[in-house]
Structures are given as structure tokens and as C-alpha cells.
Amino acid sequence: MPQQVRGVIARSAGAAVEVTDITIPEPGPGEVIVRVQACGVCHTDLTYREGGINDEFPFLLGHEAAGVVEQIGDGVRSVDVGDFVVLNWRAVCGRCRACKRGRPQYCFDTFNATQKMTLSDGTELTPALGIGAFAEKTLVHAGQCTKVDPNADPAVVGLLGCGVMAGLGAAVNTGNVSRGDSVAVIGCGGVGDAAIMGARLAGAGTIIAIDRDARKLEWARELGATHTVDASAGDSVAAVRDLTGGFGADVVIDAVGRPETWRQAFYARDLAGTVVLVGVPTPDMTLEMPLVDFFSRGGALKSSWYGDCLPERDFPTLVDLYQQGRLPLDRFVSERIKLDEVEDAFATMHRGEVLRSVVVL
């Protein structure tokens, strides 16, 4: 039988979100119903609400979540009822050209649930990133469920579902930060601070946090930055060079995603250094630079999508590190809120007052 639960939807671009009844069908082949225990309020959800992703309203928001498998459809073997899972939006297909070449982190045909969740009147909902977890329950593809230690705090480990994994993976997976490397991170919100934490985990020697907000710079230092740079007080590129013996950093991570910050990242790296873009630019942004500057430098220019992660590989390992006290994921949870407080959480996030608000159900 279909189930009716409460969820947070965005009906139109720019309008305040609302809590309403949604209908979840019985899981079909390959599908799973998850009882959501916690879901982080990510900037991507706000982008959906503003119409910045697409115009397929109404959206069922939320995607950074953890919960318990409640029902499974035919053919599901990877999870069972009662499993504690972190949801992910990279359920790799195993058969596209990237998967066949042994690069599933670039999968071009990731799985989502086939059936649609709906409003009570039958209007189909578009789930954010194929998940839609600002709800008491949600319908996803079984491949979007990654089993982890059931003793872990859902509000903490659910953040691996997007922002924390994106930042940490940008350092560890995409940037290949190694022991003794120098790393600079531009933008110290949730993703940037996760990149700092990842750089520390990988053994970086110098970790430079760059932001305009003194509060964010303090958060960055608590999560592993060895130096901080106030971007509003002077030349950030010069500051990075001063802190790296005049050479620039081995890896520079742009967690903002604007032309001016990417340009700073490019010039703040060492001659054979790596730039990693993990902040998401908007379609209208363009970049103009002298081509000879690209020719004159070695190294690599990379984009990081979801931290180049493989959930089945990365989530359990990171949860174990958190459980051992070696990865301070809990510091990202600034506040725990209710389902009807998501709109207020968007405003709090926009003001830069939190790393993450987390809906707890």
C-alpha cells in the first residue's frame, strides 16, 4: 500500500518552502523505502528552491541524509530491512563507459528510483538529487543506500551524503594530497572546512584557510588549518606564497566556485601544483586568462564532483574513522532542527552562521 508522510517541498522558484503530505508508492524492483532519521540543510537545496538547478517544480528537498531501510523491492540484494544507511546520489550503473574503464567515480548513468513520489492530489515530485530526504520517509534506488556502522549518529554521518564528502574528497581523492604537502583552501563554509579536514587527514604539513569571515576562519583553524588568511585584508595569492616559501601551495582547492576565486587558486599554486574546483559556478560565469600562463605551468587543473567518491568504499571507512575519534565530523553539526524549520535554516545558512543545520526526525 502507498504511504502518506510529511515532507518539505518547494512549489515555485523563490517561494518559501512548506511542509505537506506526500505519497510514497510501494517500492518496485531495485527500489527501497528509507525511514529518514536526519538530513542536513545543504546549499544545493536552496539552489533548487531558487530554481537554479532546473524548473521541474515542485521539488521534494533534502539529500544529505541517513536512516533505516524500511521496505525493499524485488531483486534488492545489497541492503535489507533494518539496515542503517547513508544515502548517496552516486549509485553507479556498472555498465557505462566510465564504469567499464574502472572509473566508476565518473559514472555517466547513475541510478535513481523509477517511480515518483507525489503530492496528495497526484502531482509528481522531483526529489533533490534523486533523494528527497526532508521527509519522514523517502523512496530511492537500492544503490543509493550505503550501509555503515549502526551505532553512528545519523545527524553526523548523514553529512557524508553530500557536502562533507564533496570537500573531503576534493582534498583526498581529487587533489591527492600527500604527507607533507602544502594546501590552500579558498572558502571556509561546510565544503571548504571538509577539505581542510581531509587535508589534515592526509597528512598535509601546511594548511592555509582563506575567507572573508573571521568566524569561518576560526572554524577552519579548529578543523585543521595551520594558517588563516583574511581575504578582505589584502592579496590572498601573495599571502599563500609568503606562507609557502615564495613558491605557492602544492594543492589549492577553490570551494567558492567563482572566476575570481579560481583565478586566485591558479596563481596561488606552485609551478607544478594542482588546482581543484569543488565550488559550483553558475552557468553565466566565464573566465578569461592569458593562454601563456597555462602553458608556463605544469601540474593539473581539476574539477571535483562529489569529491570523486565511491560511497561503498568511502562512507564506511570515514564513519569508522569518526567512530574512532580520528575524524571530527560532529563539529559540522551546528544545530539540530525540526522539519518545519528548514526555511529558517536557509536564512541562517545564507548569513553564514552555521556549518550545517540538520533536520532530525
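Q: Leaving aside its neighbours within four places in sequence, what is T118 in contact with?

A: Setting aside residues within four places in sequence, T118 is in contact with I22, T23, T123, E124 and L125, where contact means heavy atoms within 4.5 Å.

Q: What should I know about the model and the numbering?

A: This is a predicted model, in which local features need pLDDT of at least 70 and side-chain atom pairs count only at pLDDT 80 or more, while totals for chains, interfaces and linings use all residues. Residues are numbered from 1 along each chain as its sequence is written, and side-chain values use heavy atoms, with hydrogens and water left out.

Q: OK, where is T118 placed, and is it buried or exposed?

A: T118 is in strand β7, residues 118-119; helices (H or I, at least four residues) and strands (E, at least two) are DSSP runs, numbered from the N terminus. T118 counts as buried because its relative accessibility is 15%, given that buried means under 20% relative accessible area, exposed over 50% and partly exposed in between, with a 1.4 Å probe and protein chains only.

Q: Which sheet does β7 belong to?

A: β7 is part of an open sheet of five strands with mixed pairing, in the order β7-β2-β1-β4-β8; two strands pair if DSSP finds at least two bridges between them. The edge strands, each pairing on one side only, are β7 and β8 (126-127).

Q: And how does β2 join β7?

A: Strand β2 (residues 18-24) runs antiparallel to β7 and is joined to it by two bridges, and I22 has L119 of β7 as its bridge partner.

Q: What about M117, where does that lie?

A: M117 lies in the loop between α2 (97-100) and β7, and with a relative accessible area of 4% it is buried. Not counting residues up to four places away in sequence, M117 touches a list of residues that includes T23, I24, L60, T138 and L139.

Q: What does β9 pair with?

A: β9 pairs with strand β3 (residues 31-40) in the antiparallel sense over five bridges, and V34 stands opposite T138.

Q: Switching topic, which residues touch the most other members of the largest nonpolar core?

A: L87 and F134 do, in a core of 67 residues; a nonpolar core is a set of buried Ala, Val, Leu, Ile, Met, Phe, Trp, Tyr and Cys residues joined through side-chain atoms within 4.5 Å. A second, separate core of 22 residues includes C188, A202, L217 and A255.

Q: Now helices: how do the axes of α5 and α6 cross?

A: The axes of α5 (residues 190-201) and α6 (residues 214-222) come within 9 Å and cross at roughly 25°; axes are lines fitted to C-alpha atoms, for helices over the stretch in contact, and angles run from 0 to 180 degrees between N-to-C directions. That makes α5 roughly parallel to α6, as angles under 35 degrees count as roughly parallel, over 145 as roughly antiparallel, 65 to 115 as roughly perpendicular and the rest as oblique.

Q: Which residues make that contact?

A: D193, I196 and R200 of α5 make it with K216, W219, A220 and E222 of α6.
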